[in-house]
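User: Could you walk me through how to read pockets in a model?

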Amino acid sequence: MRALLTKIEQNTRLDRVGDPLQRAVQAVLRPQRIRDLLHGVPLGHPLHPAMVQVPVGSWIGAAVLDLMPGQRRAATTLTAFGTVSAVPAAVAGLNDWAALAPDQRRVGLVHAAANTVAVVFYGGSVAARLSGRHGIGRALSMAGLGIASVGAYIGGHLAYKQGAQVSQSISELHLISQGWHPLGDLSSVPQRQLITKEIDDVSVILYRHGDDVTVMLERCPHQSGPLGQGEVQQVDGHDCVVCPWHGSTFRLNGGEVVHGPSGSDGQVLPTRIRNGMIEARLP
């Protein structure tokens, strides 16, 4: 499986399907508020992994009930509920997928294809159960669960090996040593402009508003874009930094994500001013 997934990552022929699909998804899900909601921006956490718990939990519950006598109605209900709930989960997943790097999109395309086949099997199972053919319905459900499990394995590779929609900046915290770290005189930091400094070879951005200074990890959580090269914009009355790569937007007074494709907040470090010197430390 590892070798197969590596081949999928490198298989540019999948782009013949993936690139048009990406453009279609971006065209359909055009409103920024819709994209942000599907990315999980209001939660500060990707929405798709949370949503898939509903269909998966329903399908597993239905499989257990199928093994018990007298539970046909309950199993049919869970199977149908899981199949219906898979649709919004898939929409959230497609929204995340459209903002990924090419190698991630190739694996994500196979992940989505496997889950689509599983939903088709479950749809057939619901139809068979409702028509009284419960044996066929159970068989289709078991086949669907097996295919969905393969899709989940591929999704795990996408998230944990390729880092899709996982915060790309948080790991840098482990490279920063304990204690307060000097970052320069407060007087040397211009008002309302981004400057870049380093703490233990980890790049951070500084932003001064009056006597308040924000220190944030420079790597964008989405795809490691350089926030230090980003633009400062006002969003809902807050100064925000916009990633120059994909447009993820973060508040500079707290790090909260306000626009995707990032579903995770920017990492802000605690700061203090001592004798005119700006200092920051690990949270």
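We'll go through the pockets and then a record feature.

Analyst: A caveat to start: this is a predicted model, where local features need pLDDT of at least 70, side-chain atom pairs count only at pLDDT 80 or more, and totals for chains, interfaces and linings use all residues. Residues are numbered from 1 along each chain as its sequence is written, and side-chain values use heavy atoms, with hydrogens and water left out.

User: How much space lies in the largest pocket?

Analyst: Rolling a probe the size of a water molecule over the atoms shows where empty space is left. A pocket is an open set of points on a 1 Å grid over the protein atoms alone, where a 1.4 Å probe fits, with protein on both sides within 12 Å along at least five of seven lines; lining residues have an atom within 4 Å of a point. Here the largest pocket holds about 1200 Å³, the volume being the space filled by probe spheres set on the points. It has 42 lining residues, and His 48, Pro 49, Val 52, His 111 and Asn 115 are the closest to its centre.

User: Which element gives the most to that lining?

Analyst: Helices are DSSP runs (H or I, at least four residues), strands are E runs of at least two, and both are numbered from the N terminus. H8 gives the most, with 10 residues.

User: What does UniProt place at residues 180-280?

Analyst: The unreviewed entry has "domain: Rieske" there; such annotations may be inferred rather than shown by experiment. That stretch is 0% helix and 50% strand, with its end C-alpha atoms 5 Å apart.
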